[in-house]
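Visitor: Could you walk me through the charged pairs in this one? I'd like to take them one at a time.

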Amino acid sequence: MKNKRNIGKIAVWAFLCCFSFLANTFAQNEISSPYSRYGIGIVNNNTNAISSAMGGVSYAMQSNNFINFRNPASYVAFDSLSFIGDISFGANSSRLRTAELRQNGATGRLNYISIGLPVTKHWRTSIGVLPFSDRGFNITTTGHTASASNLDFEFNNAGNVNYTYEGDGGMMQLYWGNAFKICKGLSIGLNVSYIFGTLASSRYEEFEGSNLYNYAIDQRDHADGIYLQGGLQYLADINENHRIGFGVVYENSAYVWVKRNLITYQYTNEYSSVVTYDTAYTETGVKGNMRIPQSVGAGLSYIYKQKLTIGADVTWQNWKNYHNMGASDSLKDNIIVALGIQFIPDPLSGKFGKNIAIRLGAKYQTGYIQLKNTPISDFSVSFGLGLPFKTFSSKCSINLMLEYGQFGTLKNNLIRQDYFKVGVNVILVEKWYQRVKLD
């Protein structure tokens, strides 16, 4: 009698150890975008690597080979005996442009990590760590003022003054999702998320050629709270070759707790080479709340013989009602439209080349930031490949994603950001439970 080793279960526990380690050391992204100064930064409309290559379509998508955390109702598609692990890495190259200036930058990061498991016949669960928003900017402008307020004093003929605005940080999302099968084709789900992070911003005013003290304001908001996302999906077979799907998601308007530390101080010379001269004002541990606005999204999907998948999503986000510690910002409601397609030559073939998934997508956002009466819109196109491979007990995949987009505009002396994203994702699908085989 011989007890066969369950290779799949070893792989599962290795992935769980990796998940535990990365969840504790998840780093904030060091982005560089002047538009991240507003609200909570650049908001991540979190989709998995497969959906991202298809323009972000996700509301009506479900599969037993990937985790669609954008709609928690999709978890019901997980196999009853399998574990799914999904980890994604990405790099972002961008160019900031005005009518006269150019600036290039590049960053890299761990995009997300998530796992999915069966619980009972009609219940599936998922847990993961995702970025919620990113902040990173450094802006310098020069102006002339006939008078200046230097804390408690007023000065005439202050001359030129340099304004510098800096910021970093962002917010993370740790989610736990559950999905339940109601009847054939119909499922509901709920993600309960803990969002947390620090939004830091600083402002410096330095007077040229004067004996005035320069001054700076350093503000740090530490935020955390609970965020809910509910979803519903219905998928129906028209016949053995055609399948259509509908999905809807609602994300609640959440009030997140905020603790603010603020310091205002004076100094001489330039801030980069100065020792603080005098602390003029300090607020420590001031408590308040931040309102993360609600959003509603709906999507349709069409599948033909598992070879062709077409999806379309529409999302409305109520950013006009955002506020932080009672203060609003230059935000407005946002509408996102996404279209995507996937083609697999022959999903039933054993040949590698015929199992490669080819993905295309496009996405447009009207923009949730509005400056100088101009919306800061975003348009992108994407392309991806899904490369299958087999482990000891199941079929897994490596997914590649390329995305090019334009964010912002050159109108009204604003800034346009051209960006190029590259993503690499590994999906592990292994047996979660197997009987011991007796020989």
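Visitor: Is Asp237 buried or exposed?

Guide: Asp237 counts as exposed, at 52% relative accessibility, where exposed means over 50% relative accessible area, buried under 20% and partly exposed in between, with a 1.4 Å probe and protein chains only. This is a predicted model, in which local features need pLDDT of at least 70 and side-chain atom pairs count only at pLDDT 80 or more, while totals for chains, interfaces and linings use all residues. Residues are numbered from 1 along each chain as its sequence is written, and side-chain values use heavy atoms, with hydrogens and water left out.

Visitor: And which residue does Asp237 form a salt bridge with?

Guide: The partner is Arg243, with the closest N and O atoms 3.3 Å apart; a salt bridge here is a side-chain nitrogen of Lys or Arg within 4 Å of a carboxyl oxygen of Asp or Glu. Arg243 itself is partly exposed, its relative accessible area being 26%.

Visitor: OK, how many salt bridges are there in the whole structure?

Guide: The search finds six, and one of them joins Glu251 to Arg70, with 3.0 Å between the closest N and O atoms.

Visitor: What does that pair tie together?

Guide: Glu251 lies in strand E8 (residues 242-251) and Arg70 in the loop between helix H2 (49-53) and strand E2 (82-97), so the bridge links parts that are 181 residues apart in sequence. Helices (H or I, at least four residues) and strands (E, at least two) are DSSP runs numbered from the N terminus. Glu251 is buried at 8% relative accessible area, and Arg70 counts as buried at 10%.
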